[in-house]
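Hi,

Here is the structure I said I would pass on. Have a look at it first, and then read my notes below.

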Amino acid sequence: MKKIILTLIAALGIATGAQAAEGGIAWDKAPVQTNDTASLQNGAKLFVNYCLSCHSAAFMRFNRLKDIGLTDQQIKDNLLFTTEKVGETMKSTIDPHQAKDWFGANPPDLTVIARSRAGHGGTGADYLYTFLRTFYRDETKATGWNNLAFPSVGMPHVLWQLQGDRRPVFEQQESHGHKTEVFKGWTQVSPGTMSPLQYDQAVGDLVNYLQWMGEPAQNTRLRVGVWVLIFLGVFTVIAWRLNAAFWKDIK
C-alpha cells in the first residue's frame, strides 16, 4: 500500500511538472470587462487591423459589432476591409497554402479562441493577454520572434511596432544538479509607438474583444438570468404561501 501511495505521489509530481513546462511562464490576469463598449470598440479596431489579415473569425459577422455600439456606416468606413457587406463573416484574405508554407500551419480561427485556451494557468483571456505581451526577438527562429508563453511559436510579433523591440533577461539557477534559466524581466532594445502602459491597455482591449467575440450574447444571458432567478425566488414564496393557505384546514 505504501509503495502504491508513493507511486501516485511521484506520478502527480511528474504531471504537475509537465503542466508547468507546457504552460511556460505564469499567466497574467487579463483586464476583461465585456460591458466596456469603448474597450470593445478599440479591441475590434485592433483585431481588424492587426489580426484579420491572417486569422479569420468565420463564425462572427461584421454587423454583430452593432451590439458594441457601432453603426453600419461606422463599420463600413472603419472596419470593412476584407468584404463589402456588413452581413459577411470575418474571413481573412490569406491563402491557406501560402500560410502553411510561411508559418508551418494555417493560422487558427479566432472566433472562440478566448474560450478554447483556458488551462491550469487561468482563463483563455489570461493566456492571450500574457501571450501578446511576451514576444521577443530571436534570430534563430524563421520569423525572427519567439514567445515566453508559447516557446517556438510560428507566429511573428504583429504588434511589435506598438510595443517596440524587447529581449528577456534570464538568470541561471541550479536545481538538483541541473542548471536552468529563470525569466527575470525585460530589456527594452528600441521603443515602440506606445509606452509600456499604453501597450498593455491596447492588448487588454484586444483580449477583451476576443473574449466578447467568443460569446456576444453573454452579457444578455447573464442579465436575463438574474431576472429569471429573481422571478423564480418570488414565485417560490408565493407558491409556498398558497400551499399553506390551501392545506390549513386539513389535519
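Let me start with helix 6, where 8 of the 8 residues are buried, so this helix is largely enclosed by the rest of the structure. Bear in mind as you read that this is a predicted model. The buried residues of helix 6 are Gly-124, Ala-125, Asp-126, Tyr-127, Leu-128, Tyr-129, Thr-130 and Phe-131. What covers them? The cover includes helix 5 and helix 8, along with strand 3 (135–137) and strand 4 (145–147).

Now for the whole chain. There are 9 helices and 6 strands in it. Its radius of gyration is 24 Å, while the globule rule gives 18 Å for 251 residues; the value is well over that, so the chain is more spread out than a compact globule. Along the principal axes, the C-alpha atoms fill a box of roughly 85 × 70 × 35 Å. As for burial, 32% of the 251 residues count as buried. Among the contacts with a separation of 6 or more, 63% are accounted for by residues 24 or more positions apart.

In soluble globular proteins, nonpolar side chains tend to be buried together. Here the largest nonpolar core has 44 residues, and Phe-47, Leu-65, Met-90, Tyr-209 and Leu-210 have the most contacts inside it. At least two residues of this core come from each of helix 2 (37–51), strand 1 (57–61), helix 5 (113–116), helix 6 (124–131) and helix 8 (196–214). Which helix gives the most to this core? That is helix 8, with 9 residues.

Apart from neighbours within four places in sequence, Leu-210 is in contact with Phe-47, Leu-110, Thr-111, Ile-113, Ala-114 and Leu-128.

Then there is the pairing of two helices. Helix 2 and helix 8 pack with their axes 7 Å apart, at an angle of about 95°. Angles of 65 to 115 degrees count as roughly perpendicular, and that makes helix 2 roughly perpendicular to helix 8. On the helix 2 side, the contact is made by Ser-39, Leu-40, Asn-42, Gly-43, Ala-44, Leu-46, Phe-47 and Cys-51. Helix 8 brings Ala-202, Asp-205, Leu-206, Asn-208, Tyr-209, Leu-210, Trp-212 and Met-213. Sorted by type, the residues of this contact are 11 nonpolar, 4 polar and 1 charged.

Asp-205 belongs to helix 8. Is Asp-205 buried or exposed? Its relative accessibility is 17%, and it counts as buried. Setting aside neighbours within four places in sequence, Asp-205 is in contact with Ser-39, Asn-42 and Gly-43.

Over in helix 2 you will find Val-48. This residue is buried too, with a relative accessible area of 6%. Leaving out neighbours within four places in sequence, Val-48 is in contact with Leu-79 and Phe-81.

A few loop residues are also worth a click:

- Leu-52 sits in the loop between helix 2 and strand 1. At 1% relative accessibility, Leu-52 counts as buried. Not counting residues up to four places away in sequence, Leu-52 touches Phe-47, Ala-57, Phe-62, Thr-82, Met-90, Lys-91, Ser-92 and Thr-93. Between the C-alpha atoms of Leu-52 and Asp-126 there are 21 Å in space, with the two 74 residues apart in sequence.
- Thr-134 lies in the loop between helix 6 and strand 3. Thr-134 counts as buried, at 5% relative accessibility. What does Thr-134 touch, not counting residues up to four places away in sequence? Its partners are Ile-25, Asn-146, Asn-147, Leu-148, Ala-149, Arg-166 and Trp-186. Ala-239 is 105 residues from Thr-134 along the chain, and their C-alpha atoms are separated by 57 Å.
- Ser-152 is in the loop between strand 4 and helix 7 (160–163). Although Ser-152 is not a glycine, it has a positive phi of about 65°. With 47% relative accessibility, Ser-152 counts as partly exposed.

Over to you!

Terms used: Residues are numbered from 1 along each chain as its sequence is written. This is a predicted model: local features need pLDDT of at least 70, side-chain atom pairs count only at pLDDT 80 or more; totals for chains, interfaces and linings use all residues. Side-chain values use heavy atoms; hydrogens and water are left out. A nonpolar core is a set of buried Ala, Val, Leu, Ile, Met, Phe, Trp, Tyr and Cys residues joined through side-chain atoms within 4.5 Å. Buried means under 20% relative accessible area, exposed over 50%, partly exposed in between (1.4 Å probe, protein chains only). Helices (H or I, at least four residues) and strands (E, at least two) are DSSP runs, numbered from the N terminus. Contact means heavy atoms within 4.5 Å. Axes are lines fitted to C-alpha atoms, for helices over the stretch in contact, and angles run from 0 to 180 degrees between N-to-C directions. Angles under 35 degrees count as roughly parallel, over 145 as roughly antiparallel, 65 to 115 as roughly perpendicular and the rest as oblique. Ala, Val, Leu, Ile, Met, Phe, Trp, Tyr, Cys and Pro count as nonpolar, Asp, Glu, Lys and Arg as charged, and the others, Gly among them, as polar. The radius of gyration is taken over C-alpha atoms; the globule rule is 2.2 Å times the number of residues to the power 0.38.
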